[in-house]
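Open the model in your viewer and have the selection tool ready. We will go stop by stop.

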Amino acid sequence: MLGPQSSLVMYDEEYQRILQLLEKLLREANSKVIFLVDKNGQLIAATGETENLDTTSLASLTAGNIAATGGLAKLIGEKEFSILFHEGEKDNIHISIIGGRVILVVIFDQRSSLGLVRLRVKKASNELAVVFEDLVNKTEQEASSSSASSPFAEITDDDIDNLFN
Amino acid sequence: MSFINYASREINCKIVYYGPGLCGKTTNLQFIYNKTAEEAKGKMISLATETERTLFFDFLPLALGEIRGFKTRFHLYTVPGQVFYDASRKLILKGVDGVVFVADSQEERFDANIESLENLKDNLEEQGFDLEKLPFVIQYNKRDLPNVSSVEELSNLLNPRKVPELEGCAMTGEGVFETLKAVAKLVLNNLKKGG
Ligand SMILES: Nc1nc2c(ncn2[C@@H]2O[C@H](COP(=O)(O)OP(=O)(O)OP(=O)(O)O)[C@@H](O)[C@H]2O)c(=O)[nH]1
Ligand SMILES: [Mg+2]
């Protein structure tokens with residue numbers, strides 16, 4: 001698993017695999033929206049009815065939520081709460097942690113049920129964990145093989161200055 | 001910790017504004033939010049008390065433009081400065097790529113600045129970070145007020161390593177973008193080294 005300070009890197013191949021798994025979960029769990037967030041609040045992927053949804057804000061608040069409940073868990077001697085569930089009048093949110101580092105969020109309404117979502121999430125989590133393991137291995141390989149090929153190896157002060165103009 | 005996404009050709013970095021209570025962290029983000037074009041910013045989220053004190057964090061996502069074909073996104077966070085919110089501060093520091101320390105230049109906040117900076121070091125250490133190795137800039141805020149310590153005095157005390165330091169008045173925006181730019185520069189330069 002990735003250490004706390006290594007960057008998360010996403011490649012096209014793994015991204016496609018992740019999207020496929022999320023889309024499958026979306027169908028099988030009869031849910032509305034599914035997204036994956038890094039524990040630091042960066043959105044990794046999203047699928048479903050995301051058009052009217054502020055996914056960036058959702059990602060940041062989800063990570064804050066997991067961080068806060070993780071803090072609570074520690075205080076009472078738990079490692080973490082690996083599943084959170086928030087029930088609303090129409091929509092519900094199911095949040096779970098995958099492989100210790102990534103957060104899976106499923107939003108669903110009365111067309112589905114907590115039981116179904118739980119069941120499908122469990123299966124999808126295992127599959128997603130495999131992809132993230134592959135991703136970690138790939139990142140390590142890339143890092144050791146070709147440090148010079150990083151797209152940022154040659155950025156200049158001018159590149160950076162231009163960002164602010 | 002940055003997130004490099006080759007699939008969407010994006011790079012995400014996390015910057016945290018730290019400092020004692022009422023030093024002007026939230027005001028920095030509000031100014032940036034107000035002066036940034038609609039298409040370059042997301043919603044600013046403030047989890048605050050009824051008296052506008054930060055309770056958990058402020059969050060402002062910015063899209064600054066492209067570098068070498070990669071969209072650069074910065075996620076700005078502020079911590080709650082009040083001493084008793086320490087547990088929350090620790091959480092916000094997770095995965096940080098760069099830190100802005102906002103000091104309150106007022107004489108009576110001298111000790112509060114020191115205490116907050118020590119707290120920052122401790123909390124970073126707990127996460128396995130070393131402030132000395134992290135992109136770090138300092139803003140001396142509230143320069144508009146009459147009862148301020150001299151920049152020299154503040155610098156001697158808070159900035160022995162001589163990281164980039166800037167004078168600011170977050171209320172009018174003076175120094176705010178300069179500060180952001182200074183830390184962004186350090187963060188991006190750090191990426192260059194594969195950080
Ligand atoms: N005179 C003056 N007032 C300022 C300046 N910057 C911020 N303030 C004021 O200081 C007060 C506190 O500012 P905030 O930005 O909320 O402080 P904060 O650091 O976010 O405080 P916490 O959330 O409690 O940690 C507000 O009333 C601001 O208007 C400045 O440069 N000059
Ligand atoms: Mg604040």
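This tour visits a sheet in chain A, then helices and single residues in chain B.

Keep in mind that the model is predicted.

**Stop 1: the sheet of chain A**

Select the strands of chain A that make up the open sheet. There are five, in the order 3-2-6-5-4, and their pairing is antiparallel. Look at the edges. Strand 3 (43–48) and strand 4 (83–87) of chain A stand there, each with a single partner strand, so one side of each has no neighbour in the sheet. On average, neighbouring strands of this sheet are turned by 10° against each other, direction ignored.

Now zoom in on strand 4 of chain A. Five bridges join strand 4 of chain A to strand 5 (residues 92–98) of chain A, and the two run antiparallel. Pick A:H86. Which residue in strand 5 of chain A stands opposite A:H86? A:I93 does.

**Stop 2: helix 1 of chain B**

Move to chain B and select helix 1 (residues 25–35). Colour B:K25, B:T26, B:N28, B:L29, B:F31 and B:I32, which are buried. What do the buried residues of helix 1 of chain B pack against? Their partners in chain B are strand 2 (10–18), strand 4 (54–67), strand 5 (70–78), strand 6 (98–104), strand 7 (136–141) and helix 5 (176–192).

Keep helix 5 of chain B on screen. Helix 1 and helix 5 of chain B pack at an angle of about 95°, and their axes are 10 Å apart. That angle makes helix 1 of chain B roughly perpendicular to helix 5 of chain B. Show the side chains where they touch. Helix 1 of chain B brings B:N28, B:F31, B:I32 and B:K35, while helix 5 of chain B brings B:V176, B:F177 and B:L180. By class, this contact of helix 1 with helix 5 of chain B has five nonpolar, one polar and one charged residues.

**Stop 3**

Select helix 3 (residues 110–126) and helix 4 (residues 151–158) of chain B. They pack at an angle of about 30°, with axes 11 Å apart. So helix 3 of chain B is roughly parallel to helix 4 of chain B. Their crossing is right-handed. From helix 3 of chain B come B:F110, B:N113, B:I114 and B:L117, which meet B:E153, B:L154, B:L157 and B:L158 in helix 4 of chain B. The classes in this contact of helix 3 with helix 4 of chain B are six nonpolar, one polar and one charged residues.

**Stop 4**

Start with B:N12, in strand 2 of chain B. Is B:N12 buried or exposed? B:N12 has a relative accessible area of 4%, so B:N12 is buried. Beyond its neighbours within four places in sequence, B:N12 is in contact with A:Q42, B:S2, B:F3, B:R73, B:H75 and B:D97.

Go on to B:T72, in strand 5 of chain B. B:T72 is buried too, with a relative accessible area of 2%. Leaving aside neighbours within four places in sequence, the contacts of B:T72 include A:L163, B:I11, B:L64 and B:L188.

Finish at B:L64, in strand 4 of chain B. Last, select B:T36. B:T36 and B:L64 are 28 residues apart along the chain, and their C-alpha atoms are separated by 9.7 Å.

Terms used:
Residues numbered from 1 in each chain as written. Chains lettered and ligands numbered in written order. Predicted model: local features only at pLDDT ≥ 70, side-chain atom pairs only at ≥ 80, totals over all residues. Heavy atoms only, no water. Axes fitted to C-alpha atoms, helices over the stretch in contact; angles between N-to-C directions. Helix = DSSP H or I, 4+ residues; strand = E, 2+ residues; numbered from the N terminus. Parallel < 35°, antiparallel > 145°, perpendicular 65-115°, else oblique. Left-handed = near helix turned anticlockwise from the far one by under 90°. Contact = heavy atoms within 4.5 Å. Nonpolar A, V, L, I, M, F, W, Y, C, P; charged D, E, K, R; others polar. Buried < 20%, exposed > 50% of the residue type's maximum accessible area, 1.4 Å probe, protein only. Pairing = 2+ DSSP bridges.
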